[in-house]
Amino acid sequence: MGNIGALIDGALKKEWSDDEVDKYVGAYIAAYLTHSSDQAVRDRAASGGTTSALLIHGLKTGVIDGAVVC
């Protein structure tokens with residue numbers, strides 16, 4: 001892993017120009033940092049488990065019947 005911390009710091013602390021944001025993100029209304037409120041999901045998921053939490057909720061409530069995650 002070596003320099004992964006430096007790479008993450010570089011990406012997160014970078015000053016993004018409006019042109020770069022438009023190029024890489026596109027039009028947006030807002031951006032949020034999120035994580036699952038379930039510690040068990042966070043422990044077993046990547047990047048805080050937001051996507052996993054949404055899919056679990058959808059499956060439990062019947063909003064979706066299944067999901068394919070890559």
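Visitor: What makes the nonpolar surface patch of Trp16, Tyr24, Val25 and Tyr28?

Guide: These four residues make a nonpolar patch of about 510 Å². Patch residues have over 30% relative accessible area and no salt bridge; nonpolar side chains (Val, Leu, Ile, Met, Phe, Trp, Tyr) are joined within 5 Å, like charges within 9 Å. A salt bridge is a Lys or Arg side-chain nitrogen within 4 Å of an Asp or Glu carboxyl oxygen. Areas come from the Shrake-Rupley method with a 1.4 Å probe. This is a predicted model: local features need pLDDT of at least 70, and side-chain atom pairs count only at pLDDT 80 or more. Residues are numbered from 1 along each chain.

Visitor: Why is Tyr28 called exposed?

Guide: Exposed means over 50% relative accessible area, buried under 20%, partly exposed in between. Tyr28 has 52%, so Tyr28 counts as exposed.

Visitor: Why is Asp38 called partly exposed?

Guide: Its relative accessible area is 39%, so Asp38 falls in between. Asp38 lies in the loop between helix 2 and helix 3.

Visitor: How do you know that Ser47 is exposed?

Guide: Ser47 has a relative accessible area of 73%, so the label is exposed. Its phi is positive, near 55°, in a residue other than glycine.

Note on methods: Side-chain values use heavy atoms; hydrogens and water are left out. Buried means under 20% relative accessible area, exposed over 50%, partly exposed in between (1.4 Å probe, protein chains only). Helices (H or I, at least four residues) and strands (E, at least two) are DSSP runs, numbered from the N terminus.
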